[in-house]
Amino acid sequence: MARGAGKAYSHNPATHADGHSDTGILPKKPPKKGSGPAEVVEGRGVAKGNTDKIPPSGTQSRTNRASMGLDGVRQAARWDRRLRFTALLHHIMPALLKASFCALQHNAAAGADGVTWREYEGSLHQRVPGLHRKIHTGAYRAQPPRRVFIPKADDLQRPLGIASLEDKIVQQAVVTVLSAVYETGFLGFSYGFGRGRGQHEALDALVVGIKSRKVNSILGVDMRSFFDGIDHGWMLRFLEHRIADRRILSLVRKWLQAGVIEDGLRVAAERRTPQNAVISLLLANICLHYVLDLWAHHWRKQHATGGDVIVVRHADDNVLGFQREKAARQFLYDLQGRLAKFGLTLHLDKTRLIEFGRFAVENRRKRGQGHPETFDFLGLTHCCGTNRQRQFQVVRLTVKKRMWATLTAIRATPMRRHEPIAELGEWLRRVVQGCFNCCGVPSNFGRLEGFRSEGCRGWRHALRRRSLRRRLSWERFNRLVRRYVPHSQKLRPYLEERFHASRP
């Protein structure tokens with residue numbers, strides 16, 4: 001391979017007769033003399049015993065498919081999904097570190113070092129060379145992130161880790177490099193990471209799968225504290241299947257073992273990856289690729305014969321559709337044993353198996369039961385319904401708990417009551433527009449308009465409390481609403497058209 005793509009090793013997986021190993025991953029197997037590929041190194045010829053291999057070209061040409069930079073890494077990873085990359089750190093250059101800094105959120109909270117994005121920006125050109133030197137000399141040390149808790153819609157608290165700014169920069173740079181390796185290696189039903197694999201693409205894939213396949217049951221899988229349950233040893237082993245650059249692995253190990261700062265004290269961690277870290281989403285997808293995706297794909301082919309099975313995963317949120325309820329229950333039983341091998345467990349209170357699909361309403365009516373149950377996925381409640389032609393349609397609505405939690409936050413603004421009206425209007429506009437961007441699907445307009453109306457009502461109540469004389473009339477307030485608060489609109493076209501256009 002060319003120098004820009006890095007060195008690589010190719011290996012034969014040691015698997016059972018069914019093509020999968022006990023762990024669902026592809027372990028390394030040293031090549032036997034004269035029967036398999038050996039190490040491929042820049043500028044070297046064929047190793048002894050490998051007479052069936054042609055040495056790579058020393059210069060860039062049409063015969064040498066690898067190109068310089070991350071494009072070469074991306075192409076090599078696409079051509080061979082078992083390729084191991086041994087030289088990746090040299091791609092982390094000062095230009096990439098500066099681009100990674102610009103990609104971070106400008107108004108994010110400061111980590112344990114107390115440095116904000118704006119403060120670092122003033123001396124960016126002086127600090128980046130030093131940071132680059134520390135990374136390549138091994139002097140870089142990861143700081144433990146500051147742990148905070150934010151309330152959830154179910155009255156629980158979600159732990160988040162706020163890393164220091166330089167840790168975020170280096171993590172973003174490593175994510176950029178590793179994305180070139182992994183973005184084409186995940187299975188088709190894996191969403192949540194990569195271009196064109198976001199939240200709405202996962203929602204579209206789920207609905208299209210339910211409507212186009214014979215789905216009669218839906219299994220929603222929820223893992224208990226997934227980010228806190230990731231084992232560091234397994235995580236590094238998963239990375240080693242594609243990454244052989246020990247310096248990149250050392251960086252990831254430093255972030256995993258840094259622990260967290262909680263109440264001013266450092267807490268060590270043998271498990272857990274910070275849920276809010278820049279690199280956490282990529283690590284979670286890599287972990288679930290080997291723990292769940294490969295195993296589920298194999299299970300679907302071997303144990304679900306005679307019935308359709310669909311799988312959609314967005315990070316650690318999983319929904320599966322089954323034609324037969326018996327297959328769904330067997331999958332759930334096998335999944336618990338599979339996760340236990342890696343120290344993960346299911347949240348049984350949130351893992352649900354329900355009857356759902358085009359025949360669910362009719363079947364439940366024959367049994368004298370009520371309307372089919374609903375399930376939540378990525379902020380939307382999915383219901384069995386019909387369109388204007390009385391054909392089966394999956395109706396999607398904003399989850400009530402999240403909507404009411406947002407409305408409660410809008411109403412509880414006594415500390416912001418005396419801020420300028422322009423600032424309050426801009427804040428409310430961002431909140432409402434964010435909800436529309438997330439849940440602006442065709443079947444959800446009524447609930448979104450209700451959310452907008454209640455949010456404006458709470459804003460008017462706060463403005464009327466600014467003065468005892470309450471001079472704010474509806475006419476004046478409506479002018480403010482028209483100026484700052486947008487109306488709901490169809491931000492996402494009808495999903496069948498959009499999904500088939502992107503994936504014909």
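Alanine 315 counts as buried, because its relative accessibility is 7%. This residue sits in the loop between strand S9 (309-314) and strand S10 (317-322). The model described here is predicted.

Arginine 390 is not a glycine, yet it has a positive phi of about 65°. Its loop runs between strand S13 (380-386) and strand S14 (392-398). Is arginine 390 buried or exposed? Arginine 390 counts as exposed, because its relative accessibility is 68%.

**The five-stranded sheet**

S9 and S10 belong to an open sheet of five strands, in the order S5-S9-S10-S6-S11. The pairing in this sheet is mixed. Which strands stand at the edges? They are strand S5 (190-191) and strand S11 (352-355). Each has a single partner strand, so one side of each is left without a neighbour in the sheet. Strands of a sheet pair through backbone hydrogen bonds, either parallel or antiparallel.

Look at one pair. Strand S6 (residues 217-221) and S11 run antiparallel and are joined by four bridges. Leucine 219 stands opposite leucine 353 in S11.

Helices lie across this sheet. Helix H6 (residues 199-212) lies across S5, S6, S9 and S10. Its direction is at about 170° to S9. Helix H11 (residues 325-340) lies across S6, S10 and S11. H11 runs at about 15° to S6.

**Helix H15**

Helix H15 covers residues 445-464, which is 20 residues. From its first C-alpha to its last, H15 reaches 29 Å. That is close to the 28 Å expected at 1.5 Å a residue.

Which residues of H15 are buried? Among them are Leu448, Phe451, Arg452, Gly455, Cys456 and Trp459. Ala462 and Leu463 are also buried. An α-helix has 3.6 residues a turn, so residues three or four places apart point the same way. What covers the buried residues of H15 includes S14, helix H13 (400-411), helix H14 (421-439) and helix H16 (474-484).

**A buried arginine and a partly exposed proline**

Arginine 147 lies in strand S3 (residues 146-151). Arginine 147 counts as buried, because its relative accessibility is 17%, and the cut-off for buried is under 20%. What does arginine 147 touch, leaving aside its neighbours within four places in sequence? It is in contact with Pro159, Leu160, Asp228, Val260, Ile261, Glu262 and Arg272.

Proline 129 is placed in helix H4 (residues 124-137). This proline counts as partly exposed, because its relative accessibility is 37%. Proline 129 and alanine 95 are 34 residues apart along the chain. Their C-alpha atoms are separated by 9.8 Å.

**Cysteines without disulfides**

How many disulfides does a search of the whole structure find? It finds zero.

| Cysteine | Nearest cysteine sulfur | Distance |
|---|---|---|
| Cysteine 384 | Cysteine 383 | 7.9 Å |
| Cysteine 439 | Cysteine 438 | 3.8 Å |

Why is cysteine 439 in no disulfide? A disulfide needs the two sulfur atoms within 2.5 Å, and the nearest cysteine sulfur is 3.8 Å away. Cysteine 384 is in no disulfide either. Cysteine 384 is buried, with a relative accessible area of 6%. Cysteine 439 counts as buried, because its relative accessibility is 4%.

Conventions: Residues are numbered from 1 along each chain as its sequence is written. This is a predicted model: local features need pLDDT of at least 70, side-chain atom pairs count only at pLDDT 80 or more; totals for chains, interfaces and linings use all residues. Side-chain values use heavy atoms; hydrogens and water are left out. Helices (H or I, at least four residues) and strands (E, at least two) are DSSP runs, numbered from the N terminus. Buried means under 20% relative accessible area, exposed over 50%, partly exposed in between (1.4 Å probe, protein chains only). Two strands pair if DSSP finds at least two bridges between them. Contact means heavy atoms within 4.5 Å. Axes are lines fitted to C-alpha atoms, for helices over the stretch in contact, and angles run from 0 to 180 degrees between N-to-C directions. The expected span of a helix is 1.5 Å times one less than its number of residues.
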